[in-house]
Each structure stands twice: as structure tokens, then as C-alpha cells.
Amino acid sequence: MNADQKCIDCCKRKALGFIKESDLSEKRKLYAQQEMEELLFNSKIMSAPELMSRILAMVGKYTGIQDSYARPKQMYNQLLLAKESAILREIHNADDPFLAGIQYAVTGNYIDFAGVQDVQESKLQELLDRRAAIELDTEELTFLKSELANAKRLLYITDNAGEIVLDKIFIHVLKEQYPNLEIAVLTREAPILNDATIQDALEIGMDRLVKVLPNGTSVPGTIVERLPAEAAAWMNTANLCISKGQGNFETLHGSSRNIYYLFLCKCQLFTEAFGVEPLTPILGNEKRISVLH
């Protein structure tokens, strides 16, 4: 999906916020804003995640800050790790552990400092408490279960820190229900917003469960052409992918690969594109997902 004006304005607001909150002199802030405007004016058609990556790299050049959300990322990783055992027990006691696991996984997509204006721990807890009420497309759930039962390889593409703990919990369920399925997890290579990096995956112990691979960029999405060799091999040989988050959808939709997208609709672009209310969960396959134009 190419960035439209809503996406461009969103990227601009995010960058301006970082510039204004920095300790740069007013003169340097002005230079940074001018360079951002030039970058936006000269940018070729690209997805919003690619544009965001370029803008924040420029901001980092001025401010020297490469990981603006390091502290909240660690905080949400630890917050969800503290809940991990209790959530796993609840899932194992559920009538349908697969459904419970995927409901928790999509709930974690709320922890998005780009898509949600003000992420709150209390709101996250409210969503976690309402996990059982989450409705996902039943036909897509059936398709996904059937494909997993017959697949040899699954590539699971993560999105945000904190959320990645709930992904880990869902992967526990997948490994239990599909013991012959080989799974690899894809993260961002380098910090961008509050997206999960390889370091986040190691921090929460994902590497002790499955193979973890970086995606080769700091883009808050997945650029297939820029995947490192091992990640590209997994992308090309996996029978299916589960892709978390809006940024991965924006960069992967249209690729004609067998991808199941799983996310909450958070920004205006997505609520309008899918014709739903904010924080509505979406599960859909690349071949069947319906986007309004």
C-alpha cells in the first residue's frame, strides 16, 4: 500500500513531535523541520512504513537518538512477561486453546506507539480482560487451522515490543497443537518506533522457543526485497506466514504470498479501508482479504 496524504501527515506529526521534544536549539529544530519538508516533497511513491523510516532516520541525524522508545519497549516487555504464566494457564484451560491464543496475540497489537495516540497500561489490561469476547472471521480461522495442520514451515512476522510476548504465547500454542510444524519468527533489524527488534526477541526468550531472524531494516514493516539471505529463504519456503500489525500489512499486501494478516485497525486509514470501528480485530488471508477503496 502506498502512503496517501493521511499517512504522510501522520509521519510528519510524529517527526515534528520528536523534533519539538528534543534539546536542539531553535535554529537546529528549524533546519530539521526544513529538511523533513524537503524529504517529503522529494520522496517517491512508497509505503507509509518506508516513509516513516526515512523521516525518523533524518530526525535521528539531528538529535542523535536512534531508539526513542527504548524505555517503554522494555517496560511493556517486562509487563507482559510478568503475565505470561497466568495467560498460558488460562489458554490451556480454555475450550479452544488455539482461539484463545490468537485472541491474545491480536490484543497485543494495541501496544503501538505509532498507531495509537496514547497507549495506556489500563486500556491494555481492559482489552486483555475482554479477550474472550474478541470476534475473528470464523471462515479464516478454519482456513488457518487447516493450513497449519498440513504445513511444514510457518514464518511468523512480529510487530511491536510487549506485543511480542503475546506472540510468543500464541507460538507456544502452535507448537503444542502442530508439533511437526517448523516455525521461525521475523523481527526488525534495528530500532524504529516501538517495533520489536531482534534484541526484544532475545529479551523475552523467543529464541529459546523458535528460530528468530532480523528483517534487515529499521522499516516498521517488511520489505521482501531487502530481507537478509536466511530470512528471504524462510519467506520463500514457508508454506504460510502470519503477519502482525498494520505496518506489515502495508508493506506486504499485494505480494501474492500466502499470508494471514492479524491486527487491530487503529488509524483512520485502516478504519476507513476496512469499514470498521477503531480497535476492531482483523484476520484475513492475502488472497481473500477485502479492503475498501
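Of the chain's 293 residues, 53% count as buried, where buried means under 20% relative accessible area, exposed over 50% and partly exposed in between (1.4 Å probe, protein chains only). Before you click around, know that this is a predicted model: local features need pLDDT of at least 70, side-chain atom pairs count only at pLDDT 80 or more, and totals for chains, interfaces and linings use all residues. Residues are numbered from 1 along each chain as its sequence is written, and side-chain values use heavy atoms, with hydrogens and water left out.

**The whole chain**

Start with a cartoon view. You'll find twelve helices and six strands; helices (H or I, at least four residues) and strands (E, at least two) are DSSP runs, numbered from the N terminus. Along its principal axes, the C-alpha trace spans about 60 × 40 × 40 Å.

How does the radius of gyration fit a compact globule? For 293 residues such a globule would come out near 19 Å, and the chain has 19 Å, which agrees. That radius is taken over C-alpha atoms, and the globule rule is 2.2 Å times the number of residues to the power 0.38.

Colour by charge next: the mean positions of the 32 positive and 40 negative charges are 4 Å apart. Lys and Arg count as positive and Asp and Glu as negative, while His and the chain ends are not counted; each charge is placed at NZ of Lys, CZ of Arg, CG of Asp or CD of Glu.

One more overall number: among contacts (heavy atoms within 4.5 Å) between residues at least 6 apart in sequence, 71% join residues at least 24 apart.

**Stop 1: methionine 36**

Select methionine 36, in helix 2 (residues 26–42). Its relative accessibility is 0%, so methionine 36 counts as buried. Show what surrounds it: setting aside neighbours within four places in sequence, methionine 36 is in contact with Lys12, Ala15, Leu16, Ile55 and Met58.

**Stop 2: glutamate 163**

Jump to helix 8 (residues 163–177), where glutamate 163 lies. Is glutamate 163 buried or exposed? With 0% relative accessibility, glutamate 163 counts as buried. Its contacts, leaving out neighbours within four places in sequence, are Ala105, Gly108, Asn109, Ile111 and Lys244.

**Stop 3: valine 185**

Pick valine 185 in strand 2 (residues 182–187). Valine 185 is buried too, at a relative accessible area of 0%. Not counting residues up to four places away in sequence, valine 185 touches Tyr156, Thr158, Ile171, Met206, Val210, Lys211, Val212 and Leu213. Tyrosine 260 is 75 residues from valine 185 in sequence and 14 Å away in space, C-alpha to C-alpha.

**Stop 4: the aromatic rings**

A search of the whole structure turns up 13 aromatic pairs. Rings of Phe, Tyr and Trp (its six-membered ring) pair if their centres lie within 6.5 Å; planes under 30 degrees apart count as stacked, over 60 as edge-to-face and the rest as tilted.

Show phenylalanine 249 and tyrosine 261: their ring centres are 4.8 Å apart and their planes at 80°, so this pair is edge-to-face. The pair links distant parts of the chain, with phenylalanine 249 in helix 11 (residues 246–252) and tyrosine 261 in strand 5 (residues 259–265), twelve residues apart. Both of these residues are buried.

With phenylalanine 249 it makes another edge-to-face pair, 5.8 Å centre to centre and 70° between the planes. Phenylalanine 270 belongs to helix 12 (residues 268–274), 21 residues away from phenylalanine 249, and both are buried.

**Stop 5: two leucines in loops**

Most residues other than glycine have a negative phi. Leucine 193 has a positive phi of about 50° although it is not a glycine. Look for leucine 193 in the loop between strand 2 and helix 9 (198–203), where it is buried at a relative accessible area of 8%.

Finish at leucine 279, whose phi is also positive, near 70°. Leucine 279 sits in the loop between helix 12 and strand 6 (280–285), and its relative accessible area of 26% makes it partly exposed.
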